[in-house]
Amino acid sequence: MTKHNEYDFSQFKGQFDSAMSPDSDFTDRMKQMLERELGEANQQRTPSVIASPSRANQVVPTPGRRTHPLTIAASILAVLAVVVSSVWVLSGTQLEGDYGSAPSGIATLPANTELTPGADVQLSAELYAIGGDEQLVTVANGVVVTRKWVYANGQDAITQLQARESATGQLIWQQDGLDLDSVLVEEDLLIATTIKWETPENPNAAKRSLIAMDIQTGKIKWGIDLGAPDPNLGFNPPVAPIVSNNRVVLAEYNGKIRAWDLRTGTESWSSQFDQADGVPSSTMPLDSSGYASPVFAMTSWRQLIVLVNADGLVQIFDSATGGILDQYYMRSNGNGRFAVGTLELDNLPTGVLVVRSTASLDGIISNISVINPQNQETVWERELTGQPQTQVAEDGSIALNTHVWESHNWIMQLLRNYGYSTFEFRWIDSSSGKDILTTERGKLESPSITLTDGTYACTRSKRSEIICFDRNGTRHLIDIEPQGDLLLVEGILYVPTDEGLFTAKLP
Amino acid sequence: MEIVASRDIDLTPPTAKPKEQSRAESTAALAAAIPRLYGYFYPRIGGNKHTAEDLTQDTLLSAVRSGNAPQSLDELMPWLFTIARNKLIDHYRSQDRKQRNLGTPVDIDDEIVQPGLPDLDLESLPIREEVVATLATLNDRFRAAIVLRYFDGCDIATVAEALFLSESATSSLLARARNAFRSSWIARNGDAS
């Protein structure tokens with residue numbers, strides 16, 4: 001390794017601390033926010049607001065939010081569009097006519113022209129709980145769990161979990177110091193991997209754990225010490241846990257797989273996701289300074305545990321014993337390494353959804369396929385352009401957003417505007433791979449949203465507008481600016497914002 | 001089997017402390033901090049204006065809602081920067097988690113000798129903007145390492161703690177981050193050595 005020195009970088013110290021003036025409208029909004037917050041703080045406000053049933057029909061004014069000048073103009077255009085037609089304006093790109101198109105790629109499927117776009121429906125979001133800075137952890141079993149940083153004078157921040165009754169917003173439990181990473185809910189248990197700092201004086205003694213928590217009380221039922229984070233892997237946690245056959249199954253980055261009884265935490269079995277003959281394993285620990293992750297993904301399907309790695313190796317384990325039942329290679333793209341981008345698995349009624357993306361000279365290509373682990377068959381597969389983001393609903397429908405970075409021309413680059421992201425949103429019926437609906441590729445300023453619960457599929461059209469499609473193509477519009485991840489659970493959209501957590505009930 | 005215990009649950013909602021400063025004074029003091037916080041975030045997240053605004057707003061909200069703001073104005077900015085630093089690390093961590101699936105190929109070729117960076121006239125605004133633009137081309141992990149170590153002057157131990165790495169792994173990460181920065185700088189500006 002060539003020796004490097006830091007001398008030429010030490011010139012940066014202290015050179016990037018100067019004050020900078022943001023846009024004047026941002027400064028004005030911040031001042032208004034400070035006046036409002038400090039006024040409320042002096043009244044010793046409590047951190048949660050009970051959304052009583054009597055407030056169900058009460059519309060809370062949309063919170064103050066950052067309003068880009070273009071958003072104001074776009075909002076006016078959106079109102080006109082609703083009045084005049086049912087055309088959806090996405091940053092200047094119009095979507096007209098049918099909402100389906102035959103997907104290009106390997107599977108040739110008929111175009112979906114049966115949908116009739118309905119009129120746009122404007123929905124309002126209600127304030128569920130005051131308190132910005134909260135991130136949604138999960139909504140399940142009538143409980144909304146959020147996480148935020150809590151600060152004390154000059155001390156490091158700690159994480160705080162809060163759980164509220166979903167119907168009333170009533171705070172039911174609160175925990176400090178647990179930083180949850182991957183989370184899932186199984187029956188009455190919240191299963192999560194965590195990182196916990198031991199003491200402020202010795203933060204390098206941080207420990208990772210796998211816990212099972214009663215979601216109604218916050219009490220930890222059992223926990224497994226996973227040891228200190230591997231310094232060679234940085235703060236990458238293990239592959240997200242799954243539940244299969246009443247066992248919690250967790251895979252480490254080195255391919256070791258373990259299973260514990262869901263109720264007691266007793267270790268059930270351990271196994272290893274191993275490479276095939278003569279093929280370098282993609283599961284070896286990687287140097288901390290570079291990463292290709294996840295090197296494999298895992299899901300459960302019926303009584304099977306399915307793992308797929310970046311080389312396309314599929315290994316299938318018995319969830320009761322951890323024994324290997326089968327292994328084979330998926331068709332690769334012919335470039336040796338199967339995927340250097342996204343690698344995700346999801347559980348569908350008809351098989352296992354495998355989403356993978358590969359970098360090519362033309363950009364990133366996504367391959368979406370459904371495999372039947374019982375007979376090695378590929379049920380269907382498609383190729384799309386762009387980096388995928390997916391969510392699968394219980395009915396197996398798939399919301400899919402593909403993201404492409406597009407460069408500006410040289411004139412714009414002279415103005416330091418190098419490019420922008422574009423997104424194309426689809427809702428796919430997983431039994432056939434057929435589009436339920438699709439949108440034209442459009443430009444967005446902000447990160448995309450990809451949600452579905454099988455009845456609705458939601459995405460983001462503008463920085464402060466969320467669109468939820470129903471299966472008729474009717475667009476339900478919510479004028480709100482989310483901060484962080486959203487959740488769509490049983491027809492209710494949970495939206496964290498700077499003002500607090502809002503909910504919007506979809507009809 | 002070790003049970004990971006949590007602290008006893010306190011269901012008492014936190015309440016705000018009575019303010020000794022007048023509300024107008026507190027508002028003015030925090031408002032005066034806006035350009036300093038924005039100026040802290042803007043270069044450190046690669047020059048993304050919207051993200052810098054988001055982080056500035058998050059920092060101010062956390063500061064106000066904590067109810068623990070120092071009464072002394074001399075202590076206010078260091079306290080705000082403590083919150084800002086944590087917001088920045090949380091942002092890096094969140095970005096890393098989201099981009100985890102992007103699977104950046106491992107750059108294991110350390111044998112290429114990279115010429116160093118020239119002495120830069122960082123008083124010049126175009127040069128500073130070019131540094132920020134070069135930083136924007138790096139992945140979040142490299143960016144986090146360079147910002148914490150060289151922009152903020154944190155020692156290796158502090159950077160390691162923030163990124164959950166060992167000190168040796170942090171040194172290795174920093175070497176690769178410098179390499180990546182140099183490569184990008186040279187690609188954008190030519191080799192001035």
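Is W185(B) buried or exposed at 6% relative accessibility? At that value W185(B) counts as buried, where buried means under 20% relative accessible area, exposed over 50% and partly exposed in between (1.4 Å probe, protein chains only). The model is predicted: local features need pLDDT of at least 70, side-chain atom pairs count only at pLDDT 80 or more, and totals for chains, interfaces and linings use all residues. Residues are numbered from 1 along each chain as its sequence is written, chains are lettered from A and ligands numbered from 1 in the order in which they are written, and side-chain values use heavy atoms, leaving out hydrogens and water.

Chain B has eight helices and zero strands. Both element types are DSSP runs, numbered from the N terminus (helices: H or I, at least four residues; strands: E, at least two). Of the 193 residues in chain B, 53% are buried. Contacts require heavy atoms within 4.5 Å. Among those in chain B between residues at least 6 apart in sequence, 66% join residues at least 24 apart.

The largest nonpolar core holds 62 residues. Such a core is a set of buried Ala, Val, Leu, Ile, Met, Phe, Trp, Tyr and Cys residues joined through side-chain atoms within 4.5 Å. F12(A), L80(B), V131(B), I146(B) and F181(B) touch the most other members. Helix α4 (residues 73–98) of chain B gives the most to this core, with nine residues. Another core, of 19 residues, lies apart from it and includes L127(A) and L493(A). Beyond its neighbours within four places in sequence, V131(B) contacts residues including F12(A), F16(A), F181(B) and W185(B).

Aromatic pairs were then counted. Rings of Phe, Tyr and Trp (its six-membered ring) pair if their centres lie within 6.5 Å; planes under 30 degrees apart count as stacked, over 60 as edge-to-face and the rest as tilted. The count comes to 14 pairs over all chains. F16(A) and F151(B) are stacked, because their ring centres lie 4.5 Å apart and their planes at 15°. F16(A) lies in the loop between α1 (7–10) and α2 (24–41) of chain A and F151(B) in helix α6 (residues 140–151) of chain B, so the pair joins two chains. Both residues, F16(A) and F151(B), are buried.

F181(B) and W185(B) also stack, at 6.3 Å centre to centre and 15° between the planes. They are four residues apart in helix α8 (residues 167–189) of chain B, and therefore separated by about one helical turn. F181(B) is buried, with a relative accessible area of 0%. One aromatic cluster comprises F9(A), F12(A), F16(A), Y150(B), F151(B), F181(B) and W185(B).
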